[in-house]
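Please take a moment to look over the chain below before reading on.

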Amino acid sequence: MKRQLVGVVWWPHSGGRWFCRTLIKPNSRIHETAFVHPWLFYTTDMTLELDITAQVHKARSLPELKPHLEALKTSTDKGREEGLKHYFNFISEKYLGRDDQETHILGEMCLGSPIPRFMDVKALYNAYPDFKLIHLIRNPLESFNSFTSRHELDSDPVKIAGSWLSQNAAIRKFFEKNTQFEKQYLPVIYENLQSDSEGELRRVCDFIGIDFENQMIESFNERWGRNTKPEISEDVRETIIEIASKDLKIYGYL
């Protein structure tokens, strides 16, 4: 069976570790390792710590600097992609070189916590075009409780709704624009896992290219995190829905 790198990406407090470690990892074909490479999350601007506004104005006053700025940005992008290639090749050989049973590496890619960060999906696919990505999505009204219990994003429904909207949309939009990768992308709704766990996991297995195994649902009720569920005020609910309504409809929450 072909070696395969598979990532699971999720916005914080969306059940990603439970999904990866309790439901998928028990499959005999999966070797789990976390993809923590900073180049998956850091943009070129962050890597170089560039103030682009200042650089643009400098290039206007000193036009000869503009080619140097472009060369710096282009070479940094190339370096990040080459670094990712080396990283993926290294972990493939390290973890899949000695075991014929384990053919898939599962990478956990939480979009950062307590401060969510964007994932550079473009760099990921430039580095490894065969990559498969599972995108786990959860209703932000449910995730809001976890943010508030941990005092993250200031427990602010505006910040939380905006983060949920932008992070999930950025991933979805990449595959809408880059249709050559659309068969390597699988959105999974957290609530569907709850209501039809076996059916959803069989869909995940088909996508990855492995057989479903019963042990994947034997520990279904095991949870990661506090799983607290305080009541959400009507004001908070209305704020989140107002900000994120378009994508809430896309994912079937409205």
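This is a predicted model: local features need pLDDT of at least 70, side-chain atom pairs count only at pLDDT 80 or more; totals for chains, interfaces and linings use all residues.

**Charged pairs, covered helices and a surface patch**

The side chain of Glu82 meets that of Lys85 in a salt bridge, with 3.2 Å from N to O. Lys85 is likewise partly exposed, since its relative accessible area is 29%. Both residues belong to helix H4, where they stand three residues apart, or about one turn of the helix. An α-helix has 3.6 residues a turn, so residues three or four places apart point the same way.

Are the two partners buried or exposed in the salt bridge between Arg80 and Asp120? Arg80 is buried, and Asp120 is buried as well, while their side chains meet at 2.7 Å, again from N to O. Arg80 lies in helix H4 (residues 66-96), whereas Asp120 lies in the loop between strand E3 (104-110) and helix H5 (121-127), so this pair ties together parts that are 40 residues apart in sequence. Charged residues can also be joined in a network of salt bridges, as happens with Arg172, Lys173, Glu176 and Asp247.

Returning to helix H1, the reader will find that it is mostly covered, with seven of its nine residues buried. These buried residues are Gly16, Trp18, Phe19, Cys20, Thr22, Leu23 and Ile24. What do the buried residues of H1 pack against? Their partners are strand E1 (4-10), E2, E3, strand E4 (132-137), helix H8 (190-195) and helix H9 (197-208).

Two of those partners can be looked at through a single residue each. In strand E1 we find Leu5, which counts as buried because its relative accessibility is 0%. Leaving aside residues up to four places away in sequence, Leu5 touches Phe35, Phe88, Ser92, Ile105, Tyr128, Phe131 and Lys132. Pro67, by contrast, is 62 residues from Leu5 in sequence and 37 Å from it in space, taken from C-alpha to C-alpha. In helix H8 we find Ser195, which counts as exposed at 63% relative accessibility, the cut-off for exposed being over 50%. The C-alpha atoms of Ser195 and Lys132 are separated by 25 Å, and these two residues are 63 residues apart along the chain.

The surface also holds a patch of negative charge, in which Glu234, Asp235, Glu238 and Glu242 gather. Among them, Glu238 belongs to helix H10 (residues 234-250) and counts as partly exposed, with a relative accessibility of 45%.

Technical notes. Residues are numbered from 1 along each chain as its sequence is written. Side-chain values use heavy atoms; hydrogens and water are left out. A salt bridge is a side-chain nitrogen of Lys or Arg within 4 Å of a carboxyl oxygen of Asp or Glu. Helices (H or I, at least four residues) and strands (E, at least two) are DSSP runs, numbered from the N terminus. Buried means under 20% relative accessible area, exposed over 50%, partly exposed in between (1.4 Å probe, protein chains only). Contact means heavy atoms within 4.5 Å. Patches are made of residues with over 30% relative accessible area and no salt bridge: like charges are joined within 9 Å, nonpolar side chains (Val, Leu, Ile, Met, Phe, Trp, Tyr) within 5 Å. Accessible areas come from the Shrake-Rupley method with a 1.4 Å probe; for residues, only the protein chains shown count as cover. Lys and Arg count as positive and Asp and Glu as negative; His and the chain ends are not counted. The place of a charge is taken as NZ of Lys, CZ of Arg, CG of Asp or CD of Glu.
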